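Thanks for coming. I will walk through one protein model, starting with its pockets and ending with a few backbone details. Please have the picture in view as I go.

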Amino acid sequence: MNVHSTVASPTLAETALKGLPFANRLSVAPMTRISATATGVPTERMVRYYERFARGGFSLLTTEGIYTDKAYAQTYKGQPGLTDPEQAEGWKAVVDAVHAAGGRIFAQLMHGGALAQGNRFRSDTVGPSALQPRGQQMVSYHGEGLYAVPREMEETDIAEAIAGFAQAATLAIDVAGFDGIEIHGANGYLLDQFFTDYTNRRHDRWGGDIGKRLGLSLAVLDAVRDAVGNAVPVGIRLSQAKVNDNKHKWTEGVEGAAVVFKALAASPADFVHLTEFEAWQPAFSDGGKSLVSLAHQHAPDLFVIANGSLHELARAEQVLETGADMIALGRGALANPDWPRITADDREARPLKLEMLSPISDIKDSELQL
């Protein structure tokens with residue numbers, strides 16, 4: 001007998017974050033789908049794309065990364081922004097559709113930094129240090145060839161980037177009506193570039209040990225909190241791997257993770273969203289704790305969202321048991337936009353055939369029919 005036919009899965013239990021109730025512990029992870037207009041305005045196709053996840057039973061959706069200023073933040077051609085009222089009104093249509101379908105939705109705010117490969121506002125890139133990023137531009141997001149060597153950011157550049165996050169957060173809450181803000185501090189983009197030892201060679205207050213390298217992320221958290229007030233859930237996404245370096249591990253290991261999570265516990269963050277290739281695996285060494293477990297240990301009051309190959313129910317339940325408060329599905333949600341309803345009905349999920357992500361990772365007609 002299948003136990004899930006008689007015992008409700010803990011993934012389906014209710015939860016809450018900063019007073020915001022969720023019908024279950026299943027969310028959709030942020031995924032870059034480059035389907036906005038040339039001017040960064042969300043489209044009707046995007047409204048339908050996001051709405052179907054809420055209709056499928058996911059209690060929380062996190063948007064794809066949204067660029068935050070009309071300078072260096074945009075990363076990809078077709079990426080949506082939150083830099084002006086027109087973009088914010090476009091997002092309001094998305095938010096309204098998700099709410100009407102019973103879901104909640106957070107805006108993920110991001111700055112591409114040195115990994116920008118499709119910025120319509122600038123022909124050059126910026127980063128913490130003038131070092132060429134590893135790897136090559138992402139072809140499925142209209143990229144070609146090596147990344148450019150970024151210009152090292154000065155204090156004025158850093159201040160402008162922080163202000164962009166704050167202004168975008170204001171538009172997200174006050175105009176678009178999002179339920180919360182996620183700051184993208186992961187996957188190799190600007191905040192992660194400052195956080196990573198080999199991309200940040202600075203000797204000023206923004207460089208140094210792992211705690212100091214987290215400084216820009218903490219400054220953005222402070223600025224966003226000041227912009228949106230205390231009632232709005234605000235958090236950050238962190239990772240070890242990057243889109244251009246999928247093998248990276250924090251070189252400071254367990255000790256560094258303790259520093260990071262204790263700093264986040266003392267920050268204005270309400271949640272941390274951790275993404276690993278396999279979220280249940282030891283973060284640094286065989287037999288050690290996962291990143292989720294380390295976050296739960298060192299920041300016990302932070303709401304933890306876990307992402308990473310959790311589309312098998314048993315794995316999702318395992319990670320909840322080790323300290324996660326919510327599970328975020330990426331590929332699993334693309335293949336099964338109704339994954340929570342499939343789980344509740346004890347049905348078989350569709351296999352992960354992700355042809356929709358190639359040759360370009362924009363939203364396909366076939367997805368909107370699921």
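A pocket here is an open set of grid points with protein on both sides within 12 Å along at least five of seven lines, and a lining residue has an atom within 4 Å of a point. With that in mind, what gives the largest share of the lining of the largest pocket? Helix α10 does, with three residues.

The space in the largest pocket is about 1,200 Å³. Its lining has 44 residues, and the closest to the centre are Asn 187, Arg 237, Thr 275, Glu 276 and Asn 307. Two or more lining residues come from each of β5, β9, which is 234-239, β12, and α10, which is 331-335.

The structure has four cavities of 30 Å³ or more. About 110 Å³ is the volume of the largest cavity. That cavity is lined by 16 residues, and Ala 114, Pro 133, Gly 188, Gln 193 and Thr 199 are the closest to its centre.

Next, confidence. The protein has a mean pLDDT of 96, and 98% of its residues reach 70 or more. Among the elements, strand β5, residues 104-110, has the highest mean at 99, while helix α11, residues 339-344, has the lowest at 94. Residues 1-6 are another matter: the pLDDT there is below 50, and the stretch has seven contacts in the model beyond near neighbours in sequence. Where pLDDT is low, the predicted coordinates should not be read in detail.

How many residues does the largest nonpolar core have? It has 95, and the ones with the most contacts inside it are Leu 82, Phe 178, Ile 181, Ile 183, Phe 261, Leu 264 and Val 272. Helix α3, residues 155-176, gives the most to this core, with 11 residues. Another core, of 11 residues, lies apart from it, and includes Leu 20, Phe 22, Ile 305 and Met 326.

Leaving out residues up to four places away in sequence, Ile 181 touches, among others, Phe 106, Leu 109, Ile 173, Val 224, Pro 233 and Phe 271.

Leu 238 is a second example, this one in strand β9. Is Leu 238 buried or exposed? Its relative accessible area is 1%, so it is buried. Its contacts, again not counting residues up to four places away in sequence, include Trp 250, Val 260, Phe 261, Leu 264 and Val 272. Leu 238 and Leu 291 are 53 residues apart in sequence, but their C-alpha atoms are 9.9 Å apart in space.

On to one helix, α9, residues 313-321, whose buried residues are Leu 313, Ala 316, Glu 317, Val 319 and Leu 320. They lie on the same side of α9 because they cover an arc of only 160° around the axis. Ala 314 and Glu 321, on the other side of α9, are exposed. What do the buried residues of α9 pack against? They pack against α8, β11, β12 and α11. After α9 comes Gly 323, with a positive phi near 130°.

That brings me to the backbone. Most residues other than glycine have a negative phi, and most peptide bonds are trans. Lys 18 is not a glycine, yet its phi is positive, about 50°. Lys 18 sits in the loop between β1 and β2. With a relative accessible area of 37%, Lys 18 is partly exposed. Beyond residues up to four places away in sequence, Lys 18 touches Arg 225, Asn 230, Ala 231, Val 232, Pro 233 and Asp 270.

His 142 also has a positive phi, near 70°. The loop between β6 and β7 is where His 142 lies, and at 39% relative accessibility it counts as partly exposed.

The last item is a peptide bond. Ser 358 and Pro 359 are joined by a cis bond, with omega about -5°. Pro 359 is in the segment after α11.

Note on methods. Residues numbered from 1 in each chain as written. Predicted model: local features only at pLDDT ≥ 70, side-chain atom pairs only at ≥ 80, totals over all residues. Heavy atoms only, no water. pLDDT = per-residue confidence, 0-100. Helix = DSSP H or I, 4+ residues; strand = E, 2+ residues; numbered from the N terminus. Contact = heavy atoms within 4.5 Å. Core = buried A, V, L, I, M, F, W, Y, C linked by side-chain atoms within 4.5 Å. Buried < 20%, exposed > 50% of the residue type's maximum accessible area, 1.4 Å probe, protein only. Arc of directions from axis to C-beta. 1 Å grid on protein atoms, 1.4 Å probe; cavity = no way out; pocket = protein on both sides within 12 Å on 5 of 7 lines; lining within 4 Å. Points joined across faces, edges and corners; volume = space filled by probe spheres on them.
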